Amino acid sequence: MVYISLLFLTLFFAPAEATPNDGILIHTYEEDVTGDGEVELLELKGKLFAEDGVYYQDIWVDISSHSSDKTWRINYGGGYDPELQFADLTHNGVTDILYQSPTGGSGGLYTSQLNQWEKDNFIELPLPVEQPVKGEFINDFKVSVQLLPKEPPIIFDVSGQKEEYIRLKLYNDQGQLLEPTTLMIDPVAFFEVIDLEDKNEAGLKSYQQISGAYHADRIGTVESIWVYDKDKWILLKTTLQTDLPHIDDSAS
């Protein structure tokens, strides 16, 4: 009788194992992402790492057709507060899916993924890579930033931070740089879908932070505008947004 009772408890009261389909609904969207002229239902779902937490250890979107039994799934990995954006970024007449989710770090970085409909499935496309930005501290409490390899560097005045830089032994009291020090160039933090007015089509704007002696020592943000053309991303424009005074160093 003891054996039978234990077997009964094992069969009926053992904890259920989680299945790959477990998850909670985060957002619901309706978009035509297959180009068939009918909207699909997109259910963005996630599985929380802890019941009382905000981090999703797994995030995915289930896509279903209202007029057929076809379904698709795109997996995204983990993250916080995910969202989807929709635009025909590849200019093939079909709406693409851009996923983004904060990583939760202090740098404000996001996980991003772009998917396109192709041959009865959703394929992942590469996103623009960060600009080959270079930056360094130079004498007289200045920084030099080169946005593109063939462009001259831009010089900015960082004397507003000179006491901190002297304390960190980056400069001496006379403004002489004590040792070569490069700026901190982050990868692309996130993307924004934008309308390219002169082209009458959608594009992307990327944001890339530049910092000085430490990450909170903000120098500025590199903003770049991209368009997808002939299976690759083309850079249209890149600028540095900063509150630092610009110095015309052409005479030096």
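How many salt bridges does a search of the whole structure find? I ran that search and found 6, a salt bridge being a side-chain nitrogen of Lys or Arg within 4 Å of a carboxyl oxygen of Asp or Glu.

**Entry 1: basis.** I note that this is a predicted model, in which local features need pLDDT of at least 70 and side-chain atom pairs count only at pLDDT 80 or more, while totals for chains, interfaces and linings use all residues. Residues are numbered from 1 along each chain as its sequence is written, and side-chain values use heavy atoms, with hydrogens and water left out.

**Entry 2: salt bridges.** I looked up aspartate 120 and lysine 70, whose side chains meet in a salt bridge at 3.8 Å, N to O. Aspartate 120 lies in the loop between strand 7 (110-118) and strand 8 (121-125) and lysine 70 in the loop between strand 3 and strand 4, so the pair ties together parts that are 50 residues apart in sequence; strands here are DSSP runs of E with at least two residues, numbered from the N terminus. Aspartate 120 is partly exposed at 45% relative accessibility, and lysine 70 is also partly exposed, at 44% (buried means under 20% relative accessible area, exposed over 50%, partly exposed in between, with a 1.4 Å probe and protein chains only).

I then turned to lysine 205, which forms a salt bridge with glutamate 223, the closest N and O atoms being 3.6 Å apart. This pair links lysine 205 in strand 13 (residues 201-211) to glutamate 223 in strand 14 (residues 218-229), 18 residues apart, and glutamate 223 counts as buried because its relative accessibility is 18%.

I also found a network of salt bridges that links Glu43, Lys45, Asp62 and Arg73; within it, the closest N and O atoms of glutamate 43 and lysine 45 are 3.9 Å apart.

**Entry 3: the sheet around Asp62.** I checked where aspartate 62 sits and found that it stands opposite arginine 73 in strand 4. Strand 3 (residues 55-65) and strand 4 run antiparallel and are joined by 8 bridges, where two strands pair if DSSP finds at least two bridges between them. I traced an open sheet of 4 strands in the order 1-2-3-4, with antiparallel pairing. Strand 1 (24-31) and strand 4 (71-80) stand at the edges with a single partner strand each, so one side of each lacks a neighbour in the sheet.

**Entry 4: threonine 90.** I placed threonine 90 in the loop between strand 5 (83-87) and strand 6 (96-102), where it is buried with a relative accessible area of 9%. Its side chain makes a polar contact with the side chain of glutamine 116 at 2.9 Å (a pair of N or O atoms within 3.5 Å, one able to donate a hydrogen and the other to accept it, residues adjacent in sequence counting only if both atoms are side-chain atoms).
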